[in-house]
Amino acid sequence: MPQTVLQPLFESYTGQQLGQVQELPSSGSHRRYFRLNGGKVTLIGVIGTSKEENHAFIAISRHFREQGLHVPAVLAVSEDELAYIQEDLGDKVLFDMVSQGRESGIYSSYEIELLRRTIEQLPRIQFLGGKGLDWSVCFPQEAFDARMIDFDLNYFKYCFLKATGLEFNEIMLQEDFEKFKADLLEEVEETFLYRDFQARNVMIKDGEPWFIDFQGGRRGPIYYDVASFIWQARSRFPEDLKQDLIRTYLRALQQFRKVDEEQFRSRLRLFVLFRTLQVLGAYGFRGYFEKKPHFLASVPYAMQSLRTLLQTPFTEYPYLNQILQELSVKPELNIMQEDHRLEVQVYSFAYKKGIPADTTGNGGGYVFDCRSVNNPGKYEYYRQFNGMDPEVIKFLEDDGEVTVFLDSVYKLVDAHVQRFIERKFTHLQVCFGCTGGQHRSVYCAEHVARHLADKFNVKVVVTHRELNTEKML
């Protein structure tokens, strides 16, 4: 199916014969993504189920490119707009690159710099992206409006608030919701609201942020995306980092309009509250109704943000404020649940230093020998790099042996992980060895770790022993 639809697009655009086709982890929508290789060309192929959603992405992407924004170029589109090919931005996702800070709550200077670079690009997306954009292409609607707010507030009320068992007066709550909605809609601007501006939708290419998955964007207020990025519950940004990112955004905003910082912060606070309620609604639906416990495990993080927000009461919405105060102190919503998911430990290593020890005492797992794959380390140029660097990634993927190797690995490991989850096992170790533990094994460990983290509800810890690095996905 992918080859049938994407092959003519790839070959017509590039003039090269399509070779390797690798399916990539899917996003939140029903679109499927593929890395397409042919000759020395690598592109991304996309197959969607909604013509309108695809049309929105294609049209917005082309407009953004004209405005000089960092988004992937759409290169060829099928006649029915259900498939297209676009520029390949690589594999470095901001979400992965700040994982150490997210897990520990302590962000390194490198991670902070990446976050700053990202949010300082937001005003450009909002103002340049909105300039001259035909809003009618936006899907499923053109603008942030009363109906959208109603959907999200009702999502919170019925999927979270009622599910907690807290009794409330629905009439009084609705009266405050109406006031809140009017305040959120007070400013109308011709600016682009990304709607899903978060670390999973930011790629890092040549050290700079590039942006994807903006097809749900529409005309709307600038505060929404700032709140989405800085107050994402599981990011665990310390207060000083939140303030740093706000200041970074405001400096960049000055290029497009005069900034009244007091007024900005006052408006931003309303959208932080709105996004918090929206997120709690999502957690409630996924957790209470779809019975996915890892979403409920995120509730305490959102409650922590809510308690901080309520330190200054929302006196303009007295009944809503009262309900949120009661919610924020409910013990069962504030317990950080122990994570009982399967933990998959993925290692890269050098054979000459021995296979990594199993510290869990369980034994077993996999050890894959990557030495059958063509070795970039035998060339002087590549010795300065490792398997996470673009130079090595290109070498391995152009050669193609590593893709065939990993296709077999995925089948074996996926079956093992699925069975371990069913049997409620707690640990699995997957190791990749090569000669020096720098190139092939690092590449394979990174790709398998990301594959498992995206496909299964498991904890994944990836350790590059010879590079002395470890991170959790």
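Let's start with the lining of the second largest pocket, sorted by class: there are six nonpolar, three polar and 10 charged residues. Please keep in mind that we are looking at a predicted model. The space in this pocket comes to about 560 Å³. There are 19 lining residues, and those closest to the pocket centre are Asp 88, Leu 89, Gly 90, Pro 390 and Ile 393.

Which elements supply at least two residues each to that lining? They are strand 7, residues 202-205, and helix 15, residues 390-399. Helix 15 is the one that gives the most, with five residues.

Now, for those of you who like rings. A pair of aromatic rings is described by two things, the distance of the centres and the angle of the planes. Searching the whole structure turns up 33 aromatic pairs. One of them joins Phe 285 and Phe 289, with 6.3 Å from centre to centre and 25° between the planes, and this pair is stacked. Both residues belong to helix 11, which covers residues 261-289, and they sit four residues apart, about one turn of the helix.

Next, please look at Phe 368 and Phe 432. Their ring centres are 5.3 Å apart and the planes meet at 20°, so this pair is stacked. Phe 368 comes from strand 11, residues 366-369, while Phe 432 comes from strand 12, residues 427-434, so the pair ties together parts that are 64 residues apart in sequence. Phe 368 is buried at a relative accessible area of 11%, and Phe 432 is buried at 0%.

There is also a cluster linked by ring pairs, and among its members are Phe 144, Phe 180, Tyr 223, Tyr 224 and Tyr 249. Phe 264, Phe 271, Phe 274, Phe 314 and Tyr 317 belong to that cluster as well.

Two charges over rings may interest you too. The charged end of Lys 205 sits over the ring of Trp 210, at 4.6 Å from the ring centre. In the other case, Arg 371 has its charged end over the ring of Tyr 351, 3.9 Å from the centre.

Let me finish with strand 13, residues 459-464.

What does strand 13 pair with? One partner is strand 10, residues 343-350, in the parallel sense over six bridges. Within that pairing, Glu 343 has Lys 459 as its bridge partner in strand 13. The other pairing is with strand 14, residues 469-472, in the antiparallel sense over four bridges. There, Val 462 has Lys 471 of strand 14 as its bridge partner. The hairpin of strand 13 and strand 14 has four residues between the strands, and in it Asn 468 takes a positive phi near 60°.

That's my tour, and I'm happy to go back to any of these spots on the screen.

Definitions and conventions. Residues are numbered from 1 along each chain as its sequence is written. This is a predicted model: local features need pLDDT of at least 70, side-chain atom pairs count only at pLDDT 80 or more; totals for chains, interfaces and linings use all residues. Side-chain values use heavy atoms; hydrogens and water are left out. Rings of Phe, Tyr and Trp (its six-membered ring) pair if their centres lie within 6.5 Å; planes under 30 degrees apart count as stacked, over 60 as edge-to-face and the rest as tilted. Buried means under 20% relative accessible area, exposed over 50%, partly exposed in between (1.4 Å probe, protein chains only). A charge sits over a ring if NZ of Lys or CZ of Arg is within 6 Å of the ring centre and within 35 degrees of the ring normal. On a 1 Å grid over the protein atoms alone, a cavity is a set of points where a 1.4 Å probe fits but cannot get out, and a pocket is an open set with protein on both sides within 12 Å along at least five of seven lines; lining residues have an atom within 4 Å of a point. Grid points are joined across faces, edges and corners, and a volume is the space filled by probe spheres set on the points. Ala, Val, Leu, Ile, Met, Phe, Trp, Tyr, Cys and Pro count as nonpolar, Asp, Glu, Lys and Arg as charged, and the others, Gly among them, as polar. Two strands pair if DSSP finds at least two bridges between them.
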